[in-house]
Amino acid sequence: MTLVSTAPARRAATTRPPEQARSRRHGPWIWLFLLPTIVLFGAYTVWPALASIWYSFLSWSGYGPERPFAGWANYQLAFSDPLFWKSIGVTLLIIVVTVPLRVLLALVLAIFLNDPRLPFARVLRTAFFVPVVATTAIIGIVMNFVLDPAGGPVNHVLGNLGIGPVDFLGDSSAALWTVMGVHFWKWLGLTLMYWLAALQTIPNDVQEAARVDGATARQRFTHITLPMLAPFVAIITMLTIVETMQIFDLVQTMTGGGPFFSTLVTEVYIYQQAFETAKPEYGYASAVGVLLGVLTLVVVGAAAIVSRLIGRKGAVQ
Amino acid sequence: MTGTTMTRNQPLRGRRRTAGWVQFAVLAVLALAWVYPLLWIFAASLKDDASIFTDGLGLIPQQWNWQNYAEAWQTAGFARYTLNSLVVTTGSVVVVVLRCATAGYVLGRYGFRGRRVVLGVLLAASFIPTGLAIIPIVQLSTELGILDSTIGLILALSAGGNVAGVLLYTGFFAQIPDELEQAAHVDGAGFLRTFFSVMLPLSGPITATVAVVTFIGTWSNFFVPLVFTFSDPDKRTLAVGMLAFQGTNSTDWTGLAAGATMSLVPVLLVFVLLQRYFVEGIAGAVKS
């Protein structure tokens, strides 16, 4: 063991030119290779993040050079804007309802799909993954028709059963739940992929050793699988939340935030303020965007703390 | 002794196998429900205007109406949208692979001043929510005069984010033995030759992962091409083109289904064929 780990280091010390010398020789090349990333990343990621904050302090419609400094005015406007609060409420409700469902059900599904006795496991996994890669905007547009109260196939079937018609997307009390249902269907496979990756990290010989020692399947599950999965709860919950906050494509194509703002998520509200009104408000839209960014950090942070606590409790038990 | 274990194990193994098949049956029903909406879209694209309403959720068209595809392709502009999607997606994949590979190469193999700063900024920026950057990106593209151009759209899609791609390459190149590089040096290969003819070919699996993840993400992107093609409908990609199709031909549902099928089949095909690489890219997010 020691032999193996020191051998490369020793070899490196004797034959390999010191890293600094190597770097000096290739200095210009190094920076040339970094140039595309520095320029593109700077212009399209770092600068936009800083510029959004700057724009949020301007009174700016997006047209023309007229953009006076406005101080906190945009933020004050947001805090007194009922639609802003409505959009935050809708966004949080979607997270609170769908994220725990997705994380839990995907875990159950992952455990069944990871079972070595299961025939055709690969085919079954693929079936759950496929909606994940299907273009969200297209799913949203097609769902408009599938769920249509007048001629859509779902209501056709419900009608034959003597139910309905149900106005899934036109009724303001049903639309949000419909959007959540489609979102859940589409993205469950992504959380499933995360859990399957987590399950792969549990070494097979640990399970095998427990089996030899006479542990039942149930004991192996509660004493080996669950504790070893606990550390992944936090990261998988966070990834699922961040992904849920980016729900623009589905909501925009399914409902556009309506009816009566019942599905107005913050991302759609920002889009409307910046691009969809006769009087665009880049400054205000940027302020709402910054607030959404702050909310994302807060929610992800809170989720990390909560799931770490749960994880620790699970590990102790 | 051996005899008794044999007889005790035999029915147990049999029971296990049955349990596996019971599990399979339940999961298969669920899996079918999960792909059903997509199968329905494909079926609907072959139905005629009347039966799409009367068939309900049925999957088998009464007659195979390929006409829908011809109409979507020619009259609804899907030929144009498909070409745009192909150009934009291919361009993005090339840009992302090249810039992630070059950056990952020097970050993984060279210790130089500023390396930690570059890595630190990359990691920090991966926490920036991507959707919020759209207004400054539109502003930047307007000022550069590339808002309505294909190049502008490709850059907006491929220039931001992709930190995971850089880190994948960094990790891969860091563990390649130095002997290989020295051998190339002895053979007279310079920095560029070493990279392009030794290192980049070695990183094939990483390149496949980055390319597949980028392909699927770009093909399906909606927000950026939507905003970039407001004033030029001819530049629309498939995802955005569908939206316009819905507005102008609101009654032509079979054509819409045909358009949806045309947009979905390439990305689903890439996924099913290269699934391993995509899942690896996603798994990297969990394990790191």
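Read along its sequence, chain A follows the pattern α-α-α-α-α-α-α-α-α-α-α-α-α. That comes to 13 helices and 0 strands, where helices (H or I, at least four residues) and strands (E, at least two) are DSSP runs numbered from the N terminus. This is a predicted model, in which local features need pLDDT of at least 70 and side-chain atom pairs count only at pLDDT 80 or more, while totals for chains, interfaces and linings use all residues. Residues are numbered from 1 along each chain as its sequence is written, chains are lettered from A and ligands numbered from 1 in the order in which they are written, and side-chain values use heavy atoms, with hydrogens and water left out.

Let us start with the record. An unreviewed UniProt entry carries the annotation "domain: ABC transmembrane type-1" for residues 88-303 of chain A; UniProt positions follow the numbering used here, feature names are shortened, and annotations may be inferred rather than shown by experiment. In the model, this span is 75% helix and 0% strand, and its end C-alpha atoms lie 17 Å apart.

Now to the inside of the chain. Of the 317 residues in chain A, 52% are buried, meaning under 20% relative accessible area, with exposed over 50% and partly exposed in between (1.4 Å probe, protein chains only). In helix H7 (residues 153-160) of chain A, the buried residues are A:Pro153, A:Val154, A:Asn155 and A:Leu158. After H7(A) comes A:Gly162, with a positive phi near 85°.

The largest nonpolar core has 184 residues, and those with the most contacts inside it are A:Leu192, A:Trp195, A:Phe275 and B:Tyr105. Such a core is a set of buried Ala, Val, Leu, Ile, Met, Phe, Trp, Tyr and Cys residues joined through side-chain atoms within 4.5 Å. Helix H8 (residues 175-200) of chain A gives this core its largest share, 16 residues. Leaving aside neighbours within four places in sequence, A:Leu192 is in contact (heavy atoms within 4.5 Å) with residues including A:Ala106, A:Leu113 and A:Phe128.

Two single residues show how surroundings can be read. A:Tyr44 sits in helix H2 (residues 19-55) of chain A and is buried, with a relative accessible area of 4%. Beyond its neighbours within four places in sequence, A:Tyr44 is in contact with B:Ile137, B:Leu140, B:Ser141, B:Ile146, B:Leu155, B:Ala156, B:Ala159 and B:Gly160. A:Thr225, in helix H10 (residues 217-245) of chain A, is buried at 8%. Not counting residues up to four places away in sequence, A:Thr225 touches A:Leu199, A:Ile202, A:Gln207 and A:Arg220.

Finally, look at the charged pairs. Over all chains there are 7 salt bridges, each a side-chain nitrogen of Lys or Arg within 4 Å of a carboxyl oxygen of Asp or Glu. One of them joins A:Glu243 and A:Arg102 (2.7 Å, N to O). A:Glu243 lies in helix H10 and A:Arg102 in helix H4 (residues 82-113) of chain A, so the pair ties together parts that are 141 residues apart in sequence. A:Glu243 is buried at 12% relative accessible area, and A:Arg102 is buried at 0%. In chain B, B:Arg109, B:Asp178 and B:Glu181 are linked in a salt-bridge network.
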